[in-house]
Amino acid sequence: MVNELPPGQFETDSWPILHQGDIYKFDEETWSFKLFGEVKEERTVTYQQIMSLPKAISTIDMHCVTTWSKFGTTFEGIPLRELLTLVDVSKEAKYIKIYGYYNGDPYGYSANLPLDDLLGNDALFVFRWKEEGQDWRDISPKHGYPLRFIPPASFYLWKGTKWATGIEFMTEDSAGFWEELGYSMTANPFKEERYR
Ligand SMILES: Nc1nc2c(c(=O)[nH]1)N[C@H]1C(S)=C(S)[C@@H](COP(=O)(O)O)O[C@H]1N2
Ligand SMILES: [Mo]
């Protein structure tokens, strides 16, 4: 799906910044990541524990529902599937919600996604990125430092929670922040699933 422009989108070279609320300021002392919901035992891990998981590098196209698409950004991050090794996830858990900061509330933002679509190297909790021919850069605070989810290109970018703080495992699909406000549950840009 690399470099394919979905209907109603235009290409941009810059990486625009879009979110609701304040920019979270990272503090390693108070930061944590929680895995909960349909798991045998919920678990909260530290920044060090998360960052010691295996990492992957992937080039992922981004498609924002506000109609910009950015091709070919390379990210380094922790694949979502590596986080599944930290807990015993129920076989019934088909959906997840990825939570993140919103105005100081660590669980104020969320986005729902189907788990089966997120097991590849194109579903990453990223901490650095690079443009072709340039050096690596940390993900900036505005883009979600210290840990920001980038979804596969088959989802609009609002599914990419910034300042990520946790994953809830669910048996049924359940609306997140933008989905509650009328945006699509499935959000496939190639099918132009913007609203519901
Ligand atoms: N925590 C949090 N994550 C968020 C948002 C937000 O408001 N809060 N906005 C989403 C939306 S609507 C978009 S389009 C993308 C934008 O990411 P960018 O600013 O890095 O381009 O972040 C998503 N992740
Ligand atoms: Mo958005």
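Me: What makes two aromatic rings a pair here?
Reply: Rings of Phe, Tyr and Trp pair if their centres lie within 6.5 Å. In this predicted model, Tyr102, Tyr109, Tyr156, Trp158, Phe177, Trp178, Tyr183 and Tyr195 form one aromatic cluster. The structure holds 20 aromatic pairs.

Me: Why is the pair of Phe26 and Tyr47 called tilted?
Reply: Look at the angle. Planes under 30 degrees apart count as stacked and over 60 as edge-to-face, with the rest tilted. Phe26 and Tyr47 have 55° between their planes, so they are tilted. Their centres are 4.9 Å apart, and the limit for a pair is 6.5 Å. Phe26 sits in the loop between strand S1 and S2, and Tyr47 is in helix H1, so the pair ties together parts that are 21 residues apart in sequence.

Me: Is Phe26 buried or partly exposed, and what about Tyr47: buried or exposed?
Reply: Buried means under 20% relative accessible area, exposed means over 50%, and partly exposed is in between. Phe26 has 23%, so Phe26 is partly exposed. Tyr47 has 12%, so Tyr47 is buried.

Me: What makes Phe36 and Tyr99 a tilted pair?
Reply: Their ring centres are 5.7 Å apart and their planes are at 40°, so the pair is tilted. Phe36 belongs to strand S2 and Tyr99 to strand S6, and the pair links distant parts of the chain, 63 residues apart. Phe36 has a relative accessibility of 14%, so Phe36 counts as buried. Tyr99 is buried too, with a relative accessible area of 11%.

Me: How do you know that S6 and S7 are paired strands?
Reply: Two strands pair if there are at least two bridges between them. Seven bridges join S6 (residues 95-102) to S7 (residues 105-114), so they pair. The two strands run antiparallel, and Tyr95 stands opposite Pro114 in S7. In their hairpin, two residues lie between the strands, and Asn103 takes a positive phi near 50°.

Me: What about S2 and S3: why do they count as a pair?
Reply: Three bridges join S2 (residues 33-37) to S3, and the rule asks for at least two, so they count. S2 and S3 run antiparallel. Lys34 stands opposite Thr44 in S3.

Me: Which strands stand at the edges of the five-stranded sheet, and why?
Reply: The open sheet has the order S3-S2-S11-S6-S7, with mixed pairing. S3 and S7 each have a single partner strand, so one side of each is left without a neighbour in the sheet. The twist averages 20° from one strand to the next.

Me: What makes a space a cavity, and what makes it a pocket?
Reply: In a cavity, a 1.4 Å probe fits but cannot get out, whereas a pocket is an open set of points. By this rule the count comes to one cavity of 30 Å³ or more. About 30 Å³ of space lies in the largest cavity. Strand S4 (residues 56-63) gives the most to its lining, with four residues. The cavity lining divides into eight nonpolar, one polar and one charged; Asp61 is among the lining residues, and Asp counts as charged.

Technical notes:
Residues are numbered from 1 along each chain as its sequence is written. Chains are lettered from A and ligands numbered from 1 in the order in which they are written. This is a predicted model: local features need pLDDT of at least 70, side-chain atom pairs count only at pLDDT 80 or more; totals for chains, interfaces and linings use all residues. Side-chain values use heavy atoms; hydrogens and water are left out. Axes are lines fitted to C-alpha atoms, for helices over the stretch in contact, and angles run from 0 to 180 degrees between N-to-C directions. On a 1 Å grid over the protein atoms alone, a cavity is a set of points where a 1.4 Å probe fits but cannot get out, and a pocket is an open set with protein on both sides within 12 Å along at least five of seven lines; lining residues have an atom within 4 Å of a point. Grid points are joined across faces, edges and corners, and a volume is the space filled by probe spheres set on the points. Rings of Phe, Tyr and Trp (its six-membered ring) pair if their centres lie within 6.5 Å; planes under 30 degrees apart count as stacked, over 60 as edge-to-face and the rest as tilted. Buried means under 20% relative accessible area, exposed over 50%, partly exposed in between (1.4 Å probe, protein chains only).
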